[in-house]
Amino acid sequence: MSKMGDTQINPRQGFELSVPMPPEAGSKCYDDDARLKRTGTVWTASARIITAVIGSGVLSLAWATAQLGWVAGPAVMLMFSFVTYYTSTLLSACYRSGDPVAGKRNYTYTDAVRSNLGGFKVKVCEFVQYLNLSFGVAIGYTTASSTSMVAIKRSNCFHKNGDKAPCHVNSNPYTIAFGVAEIICSQIPDFDQLWWLSIVAAVMSFTYSSIGLGLGIAKVVETGTIRGSLTGIDTETVTETEKIWRRFQAVGDIAFAYSYSPVLIEIQDTLKSPPSEAKTMKKATLVSVSTTTLFYMLCGCMGYAAFGDSSPRNLLTGFGFFNPYWLIDIANAAIVIHLFGAYQVSVQPLYAFVEKTAKEKYPHSQFITKDIKFRIPVFGSYNLNLFRLVWRTSFVIVTTVISMILPFFNDVVGLLGALGFWPLTVYFPVEMYIAQKRIPKWSTRWLCLQILSSACLVITIAVAAGSIAAVISDLKINKPFKTSY
């Protein structure tokens, strides 16, 4: 929307034209940055955070709890919930630069880093974001989706031939099919901005998470026993070294399940004020992290109680459950639908960054800048850009091939948790907060924040090592491109 100003005369052509005047900042319809009034509240922000947090990572929490045991498993979840909440409050204080009420707004995570830290750290932030949120998540989502499609096929096979039937299914055709579908959707303009996409994602996410939780509770009720031990998986099942690596990997799975910091600033940018956006966001973070932690505790603990040391790596595809087969099919179909859209939402920032950079560097290249217009029956006109077609298609092909080489859900999830947790959830929020509040170096508060950051860095390195060790181990067992379940 824009307000129309007075009629003026174009001095070169002599005809009248209406000159749009900029909206009045701070008016009833616009905020102080001349954008339409924001209407977000504690509850809308909490809902967005919960939708962003609860995803496919919840399915590995039973396995993670099994590696850590009844003591360390819940304790690690609580630890990550506290760290996530605390660093999120630090990050929310960086939404505005300078004055917390009237300072300049930062619309994205990278904008906040640029305003508060600047320089080389902005480049590092962009690299980590694009590597983790776009490239890494694309691989993880492709792997998880193909695993769920295979699970549907196997579930129907078990129902038809019995629980002891081999029902081996090669995952590669399903991985390729998912990649082809993503190539097509990558060419749809603003696919990630479709209004119904987040609604579908939220419904699908709660569908498969609730089914997994419900099946776990039903299993405990059916057997009448609570399985598991205080210290986790027994060394009679795995070697001591494998147990250590698995524990590191389990911590990574839990870290991945709590990852949402990169979208916090965007969610905060939807909030109305007064009160200040930072105050509202702190309340929303407390509500959402508490709700998510409760849900994660239930999913992880009930899954572990149901299966004990034999908890599957993926609660819905590891076939701890065989019946009702149709409910398992619905849950896995919900995973595929959710991750299909989430893939595009995650990679769009990388697409936009590469295409913008290419246009700035080669402004006269017809291959990069020219759009070819043609009509598609039923859908109308479409602008085809050759660079966009080649670049996006190549990206999807590369991530699909890597997913075929590394089709190991838990290993990928753990590695993604390691790559994103420390830099995006801890390091940058801590450093931005220190710069924003001008906390003196070597002061008590500065030292406490640095100790927190350093401790989380050590955890991240350990998790990365455990996940890489697991990938190497799985590659020795399963040859790339020939993986079957």
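**Helix packing and loop residues in a predicted model**

Trp-442 is found in the loop between H13 and H14, where helices (H or I, at least four residues) and strands (E, at least two) are DSSP runs, numbered from the N terminus. The model is predicted, so that local features need pLDDT of at least 70 and side-chain atom pairs count only at pLDDT 80 or more, whereas totals for chains, interfaces and linings use all residues. Residues are numbered from 1 along each chain as its sequence is written, and side-chain values use heavy atoms, with hydrogens and water left out.

Although Trp-442 is not a glycine, its phi is positive, at about 70 degrees. Arg-438 lies in the loop between helix H13 (409-437) and helix H14 (444-477), and Arg-438 also has a positive phi, near 50 degrees, while being a residue other than glycine. Most residues other than glycine have a negative phi. Arg-438 is exposed, with a relative accessible area of 70%; the cut-offs are under 20% relative accessible area for buried, over 50% for exposed and in between for partly exposed (1.4 Å probe, protein chains only). Trp-442, at 61% relative accessibility, counts as exposed. Trp-446, by contrast, is buried, with a relative accessible area of 13%.

Rings of Phe, Tyr and Trp (its six-membered ring) were taken to pair if their centres lie within 6.5 Å, with planes under 30 degrees apart counted as stacked, over 60 as edge-to-face and the rest as tilted. By this rule the count comes to 13 aromatic pairs. One of these is formed by Trp-442 and Trp-446, a tilted pair with 4.9 Å from centre to centre and 55 degrees between the planes. Ring pairs also link Phe-178, Phe-340 and Tyr-343 into a cluster.

Axes are lines fitted to C-alpha atoms, for helices over the stretch in contact, and angles run from 0 to 180 degrees between N-to-C directions. The crossing of H5 and H10 is right-handed; a crossing is right-handed if the near helix is turned clockwise from the far one by less than a right angle, and left-handed if anticlockwise. Seven of the residues in the contact of H5 with H10 are nonpolar, two are polar and one is charged. In this classification Ala, Val, Leu, Ile, Met, Phe, Trp, Tyr, Cys and Pro count as nonpolar, Asp, Glu, Lys and Arg as charged, and the others, Gly among them, as polar.

H10 also packs on helix H12 (residues 386-405), at an angle of about 135 degrees and with the axes 11 Å apart. That angle makes H10 oblique to H12, and the crossing of H10 and H12 is right-handed. The contact of H10 with H12 holds 10 nonpolar, two polar and three charged residues.

The axes of helix H2 (residues 61-92) and helix H7 (residues 240-257) come within 9 Å and cross at roughly 55 degrees. H2 is thus oblique to H7, with a right-handed crossing.

Thr-108, in the loop between strand E4 (104-105) and helix H3 (109-116), counts as partly exposed at 27% relative accessibility. Its C-alpha atom is separated by 7.6 Å from that of Val-263, 155 residues apart along the chain. Neighbours within four places in sequence aside, Thr-108 is in contact with Ile-265 and Glu-266.

Overall, the protein chain comprises 14 helices and six strands, and 50% of its 485 residues count as buried.

Definitions and conventions:
Parallel < 35°, antiparallel > 145°, perpendicular 65-115°, else oblique. Contact = heavy atoms within 4.5 Å.
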